[in-house]
Amino acid sequence: MRHEPTKQEYSQMVEEMTPKHNSLLNCIRAFFVGGAFCLLGEMIKQTMMKVFDISKKDALLYVTIELVLLSVILTGFNLYGKITKFGGAGGLVPITGFANSVASPAIEYQKEGQVFGIGVKIFTIAGPVILYGIFSAFLAGICYFLGTQWGWIG
Amino acid sequence: MSQMRGKSSIVFEKAPYLLGWSSIVAQKEGEGPLGDLFDEVIEDPFFGEETWEMAEGHFMRQAAMLAIKKAGLAKEEIRYAFAGDLLEQNTATSYGLKELEIPLFGLFGACSTAGESLSLASMMVAAGYATHALATASSHIGSAEKQFRFPLEYGNQRPQSATWTVTGSGAFIVSREKGPVKITGITTGKIVDYGMKDPMNMGACMAPAAAQVIYQHFQDYGKEPKDYDAIYTGDLGEVGKDILIRLLKENGYDISEVHGDCGLEIYENETQDTHSGGSGCACSAVVLASMLMRRLISGYWKKILFVPTGALMSKTSFNEGESVCGIAHAVLLEREEA
C-alpha cells in the first residue's frame with residue numbers, strides 16, 4: 001500500500017480500537033463468586049465438625065474432596081465454564097477451578113484413548129500449576145532449611 | 001488480450017459461473033440472523049459422528065453433495081475439488097471428502113480458504129482444465145477450540161475482541177455452464193505481518209492483509225469503492241472492520257459505504273454472546289452461499305468483491321513467540337444478466 005503504518009504505529013492503533021473488559025466490574029464479580037466458593041467450603045467444614053463430629057483437620061480434607069467433586073460434576077454438565085465466564089478469577093483460582101482444568105481435558109481427549117488421550121493430555125492446563133507449584137515449594141524448602149541451619153529462622 | 005491485470009489480479013476472458021452452492025450450519029448459526037437463509041441446519045453438533053474432527057468432515061461432505069445436487073450434476077462430473085479447513089493436516093477435508101472420490105487439491109489458507117478455493121477453481125475452469133470444479137471450506141467450534149485453545153468444558157473468560165468459530169461448511173460448483181452469478185476476476189493476497197501477537201484479536205491480525213488485497217484490487221483494476229455494490233470481508237469482526245476502513249482511508253479509498261463483514265452478519269453478537277463476531281473457514285463460505293448469493297441473484301446487487309480473511313498461525317508458532325500473520329483473497333462476483 002502507498003501509506004503503511006509502522007509496526008509500532010499499528011500496535012498503538014490496535015490498542016486504541018480494541019474494546020476492553022471492565023476491570024472493576026470483573027473484580028467485583030470475582031470477589032463474590034470466589035467468596036461464594038469459600039463460603040460453601042466453610043459451610044461444609046462446619047457441617048462436618050458439628051453434625052458428623054469430625055476433627056477440624058479431617059473436616060478440611062472433606063471440604064477439598066467435596067468441592068472437587070462438585071466442580072467435576074458441574075464440568076460434566078458443562079456448567080462450570082459458565083460460572084468462570086461470569087466470575088473470572090473467582091471461578092479460576094479456587095480448587096474448583098483447578099478441578100475444572102483437569103476434568104475438562106479428560107472429557108475432551110477421551111476420544112483419543114485412555115493412554116494418548118486422557119493419560120497424556122489430562123494435565124495440559126493444570127500441569128504447569130503442578131510443576132511450578134512443586135518447584136517453588138522445593139525452593140522455599142531449601143530457604144527454610146538454610147534459614148534454620150544458620151539460625152535465621154527459629 | 002492478457003488475462004493478467006496489474007500486479008496480482010486476473011480478469012477472466014471467459015468468466016466461470018457459479019452453478020450450484022450450499023450452506024450447512026449447526027444450531028447456533030441456525031439461530032442467528034441468517035438462520036432462514038441456510039440450506040440445512042444440523043442440530044447435532046457431532047452430526048452423527050464420534051469426534052469433532054469427523055463431524056466437521058461430515059459437514060463438508062454434506063455441503064459438497066448438496067452443491068453438486070443443486071447444480072444438477074453427479075459427483076462423477078466434478079473434475080477437481082479445492083478444499084480446506086483449519087485443522088492440522090487438513091483432517092476434516094481428507095476424511096470428509098474421501099468418499100466422494102473427486103480428484104482433490106487440499107488447501108490451507110486459514111479462514112481465507114473459501115476465497116483461495118474459489119480463486120483456484122475459477123482459474124482451473126477458466127483455463128479449460130475442468131468443466132465443473134468444487135470449491136469448499138469448513139470449520140467447527142469443537143475441533144477449532146480443541147486444536148487452538150482449550151477444551152470446551154474448561155472455564156475461562158474470552159476477551160471482547162475474540163471471535164466465535166462458525167460450525168458448518170459452504171460449497172460451490174464453479175462451472176463453464178451458465179449460472180446466475182459469474183466470477184469475473186480475482187486478486188490474490190500476500191502474507192502481511194504487522195507483528196500482532198494476540199490470537200484473541202484475530203481481526204487486528206487480519207485487517208492489514210484485507211486492506212492490502214483490496215488496495216491492490218483497486219490499483220490493478222483501476223476502480224474505486226463506488227464501483228462496487230458491496231465489499232464483503234470474511235471474519236474481521238467489530239475490531240478488524242474499523243481498522244480495515246481506517247487503513248484504506250489513509251490510502252485514499254473510503255469503503256465505509258460499501259463494506260460488510262461476514263463475521264458480523266452470521267450472529268447477533270449481543271444476544272448470542274459471540275463478542276466480536278463469527279470466524280472460521282465456514283464463516284465467509286456459508287454467508288456467501290446464503291445471504292450474498294441471494295442478494296446477487298435477486299438483483300439487489302450486481303457486483304461484489306468477496307474477500308475472505310485468514311490468520312496464519314499454529315499453536316506451536318504462538319508458543320514460540322512468533323507473530324500472527326494475515327492473508328486475504330479477493331474474488332469478484334457479478335450477476336449474470338439474463
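Contact, as the word is used on this tour, means heavy atoms within 4.5 Å. This is a predicted model, in which local features need pLDDT of at least 70 and side-chain atom pairs count only at pLDDT 80 or more, while totals for chains, interfaces and linings use all residues. Residues are numbered from 1 along each chain as its sequence is written, chains are lettered from A and ligands numbered from 1 in the order in which they are written, and side-chain values use heavy atoms, with hydrogens and water left out.

Select chain B and colour by secondary structure: there are 11 helices and 17 strands, where helices (H or I, at least four residues) and strands (E, at least two) are DSSP runs numbered from the N terminus. The C-alpha atoms of chain B, taken along the principal axes, fill a box of roughly 55 × 50 × 35 Å.

Next, select H275(B), which sits in the loop between α9 (269-272) and β13 (278-279) of chain B. H275(B) has 12% relative accessibility and therefore counts as buried, a term that means under 20% relative accessible area (1.4 Å probe, protein chains only).

Now show what surrounds H275(B): apart from neighbours within four places in sequence, this residue is in contact with R158(B), P159(B), Q160(B), A162(B) and N269(B), and also with K85(A).

Finally, select L66(B), 209 residues from H275(B) along the chain, where the C-alpha atoms of the two residues are separated by 31 Å.

Definitions and conventions:
Buried < 20%, exposed > 50% of the residue type's maximum accessible area, 1.4 Å probe, protein only.
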